[in-house]
Amino acid sequence: MSLSQSKKPLLRVLDGETLTPPPFWLMRQAGRYLPEYRALRERAPDFLEFCYTPDLAVEATLQPLRRFDMDAAILFSDILVVPHALGQPVSFEEGIGPVLEAVRDLDDLRRLNSGRPEEVLGPVYETVATLKGTLPDKTALIGFAGAPWTLATYMVEGRGGTDHGHVKNWAYRDAEGFGELIGLLTASVTAHLSRQIESGADVVQLFDSWAGVLAETQFRRWVLEPTAEIVRHLKDKHPEARVIGFPRGAGALYGDYADATGVDVIAIDEAVPAVWAADTLQRGRAVQGNLSNLALVNGGQTLADETHRILGALGGGPFIFNLGHGVLPGTPPENVARLASLIRGWGP
Ligand code: 1CP
């Protein structure tokens, strides 16, 4: 690792240092809560087209940094570019969100035209490389992918906002066939993250947004095992690779996830008690999270109290301040500015 890289505060924390105040960034820090994002988005009404246009994706990545100077930039893209690159029709519809042509069984899976994922995703790696050359030395660049289980939920359900009945049912009914889908996703996510690392990402985050809906046995099979495999392959290929794991909603299984997957950082949702996380998960390993995104929407004294509570519990060890889930579209930008100054002003 080069000297300038090793100085980035976020990377120092990944390697186990405690910084006061801790570095911060916010999941979904780019997006509709920023008027400049809404203006940019009008230039490419099709959301996937927007993700695959490096000039626009670079600009969307940089917008929140100009206002709030976070310690990390996160590549502007989406987790659903991987199913799209595997040949599944994906669209984003106003007021609904992502809509996919559902894959419900092995026959559907085999009908996917896996085409040339590398070609479809080429512009994403170009965006990473451009960002790498543009960001200040102190700012870390985060690449990302959806974890296999979460990608499978969208691929099988066909949209968000369901009870995950179809995808859970397939996993019980035909574990072998469903395992083929998870295997395909494990390989595709590994390749996608590997290319982001080669293009300049300092660290990658695995978003397992729906990890929390599974029974324990299913969690071990569809969340822990594929994640451990991805981390192992990435680190074999790139010994310097750093991985943040975010198994949202994992509850009592957060500890097993931390121990079994080999991730460098555990990202915790808002429901994880901060003191428990410090005692159980932190232990020399970095933790990231866990402010409620609705505390950020509402601001005021509660935002200050919650920020201080989390800093008090986790700020004594390696910690990256973040939300417990992404920034919501209705968030007032001035609340984000206030949060940045609360974090920067914090000291023991
Ligand atoms: O302009 C628009 O209206 C599109 C809104 C939008 C944006 C800004 C979507 C559609 N995706 C994104 C960008 C995005 N998505 C980023 C990069 C920007 C950043 O973090 O600053 C990232 C990391 C994601 C990750 C993502 N996409 C996740 C994992 C995190 C999470 O929120 O749980 C998930 C589940 C998605 C799917 C998705 N894409 C878009 C939406 C609205 C959704 C959620 C669908 C649902 O409700 O289930």
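How far does a polar side-chain atom of His 325 lie from an oxygen atom of the ligand? I looked this up in the predicted model and found 2.7 Å.

**Ligand**

I then went through the other ligand entries. Ser 209 places a polar side-chain atom 2.5 Å from a ligand oxygen. For Ala 30 the atom concerned belongs to the backbone, and this polar atom is 2.8 Å from an oxygen of the ligand. I counted 21 residues around the ligand. Ser 209 is among the closest, together with Arg 32, Tyr 37, Arg 41 and Tyr 154.

**Largest pocket**

I noted a volume of about 1,400 Å³ for the largest pocket. Its lining comprises 40 residues, and those nearest the centre are Arg 28, Phe 47, Asp 78, Phe 92 and Pro 98. Helix 3 (35–41), strand 2 (90–93) and strand 3 (97–100) each give two or more residues to this lining. Sorted by class, I have 22 nonpolar, eleven polar and seven charged lining residues.

**Asp 264**

I located Asp 264 in the loop that runs between helix 13 (254–261) and strand 7 (265–267). Is Asp 264 buried or exposed? I record Asp 264 as buried because its relative accessible area is 17%, under the 20% cut-off.

I followed its side chain next. The side chain of Asp 264 makes a polar contact with that of Lys 235 at 2.8 Å. The Asp 264 side chain also reaches the backbone nitrogen of Val 243, at 2.8 Å. Leaving aside neighbours within four places in sequence, I listed the contacts of Asp 264 as Lys 235, Ala 241, Arg 242, Val 243, Arg 285 and Ala 286.

How values were computed: Residues are numbered from 1 along each chain as its sequence is written. This is a predicted model: local features need pLDDT of at least 70, side-chain atom pairs count only at pLDDT 80 or more; totals for chains, interfaces and linings use all residues. Side-chain values use heavy atoms; hydrogens and water are left out. Helices (H or I, at least four residues) and strands (E, at least two) are DSSP runs, numbered from the N terminus. Buried means under 20% relative accessible area, exposed over 50%, partly exposed in between (1.4 Å probe, protein chains only). A polar contact is a pair of N or O atoms within 3.5 Å; within protein, one must be able to donate a hydrogen and the other to accept it, and residues adjacent in sequence count only if both atoms are side-chain atoms. Contact means heavy atoms within 4.5 Å. On a 1 Å grid over the protein atoms alone, a cavity is a set of points where a 1.4 Å probe fits but cannot get out, and a pocket is an open set with protein on both sides within 12 Å along at least five of seven lines; lining residues have an atom within 4 Å of a point. Grid points are joined across faces, edges and corners, and a volume is the space filled by probe spheres set on the points. Ala, Val, Leu, Ile, Met, Phe, Trp, Tyr, Cys and Pro count as nonpolar, Asp, Glu, Lys and Arg as charged, and the others, Gly among them, as polar. A residue is near a molecule or strand if one of its heavy atoms lies within 4 Å of it.
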